[in-house]
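Open the model in a viewer and keep the selection panel at hand. The tour goes through aromatic pairs, then nonpolar cores, then charges over rings.

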Amino acid sequence: MDFYILNCSDLNESTLNSLSKELKKEMDVNFKIFNYKFDFSFAFNQIRMQYNADLLLKKLRESFDKRFICIFPHDIYVENMNFIFGLAELNGRGGIVSIFRLKDKNFHERLLKEMKHEIGHIFGLKHCENKCVMNFSNSLYDVDRKPDYFCSHCLNELRNRIGQISLIE
């Protein structure tokens, strides 16, 4: 099964390749990197000085017909939240992760965790209370505190769902 990493940021190829290899370790998925540029100004909220993640994800789904996780350079939000690190369709085909608040120390590790988390949602995983990358993160402290791996329950569920989808495709 192919899964696209849509790079809408300025991350370099080396970083993207490293992320792809690390994601592949836990998921039997062929990650493909695609530098993807589109006009996302329509989703900018002048009052909040942030981008509406729901609008971005809707536009990405309309313009890209494969499974994807988008790496987005700017701050994102959804209604009733000050900001979010990412957003994905539960049991869907797309997600978005913002690198805006992840920059600083541990950037690579933070981005990998949030990508795994949103990809987990795409494959139907919900937030988990175990020591797991599927823990909800409301702050950088939460991101840094959660592990970079799926708990055994979530990993089994993830692999089962990927296997079921692979049989259909």
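Buried here means under 20% relative accessible area, exposed over 50%, and partly exposed in between, with a 1.4 Å probe and protein chains only. This is a predicted model, in which local features need pLDDT of at least 70 and side-chain atom pairs count only at pLDDT 80 or more, while totals for chains, interfaces and linings use all residues. Residues are numbered from 1 along each chain as its sequence is written, and side-chain values use heavy atoms, without hydrogens and water.

Select F64: at 10% relative accessibility, F64 is buried.

Next, select F40 and F72, both buried. This pair is edge-to-face too, at 4.8 Å centre to centre and 75 degrees between the planes. Both pairs fall within a cluster linked by ring pairs, whose members include Y4, F40, F64 and F72.

Move to L111, one of the residues that touch the most other members of the 37-residue largest nonpolar core (buried Ala, Val, Leu, Ile, Met, Phe, Trp, Tyr and Cys joined through side-chain atoms within 4.5 Å). A second, separate core has 21 residues, among them A53 and F68.

Finish with R48, over the face of Y77 at 3.7 Å from the ring centre (NZ of Lys or CZ of Arg within 6 Å of the centre and within 35 degrees of the ring normal). The charged end of R101 sits over the ring of F83, 3.9 Å from its centre.

Key:
Rings of Phe, Tyr and Trp (its six-membered ring) pair if their centres lie within 6.5 Å; planes under 30 degrees apart count as stacked, over 60 as edge-to-face and the rest as tilted.
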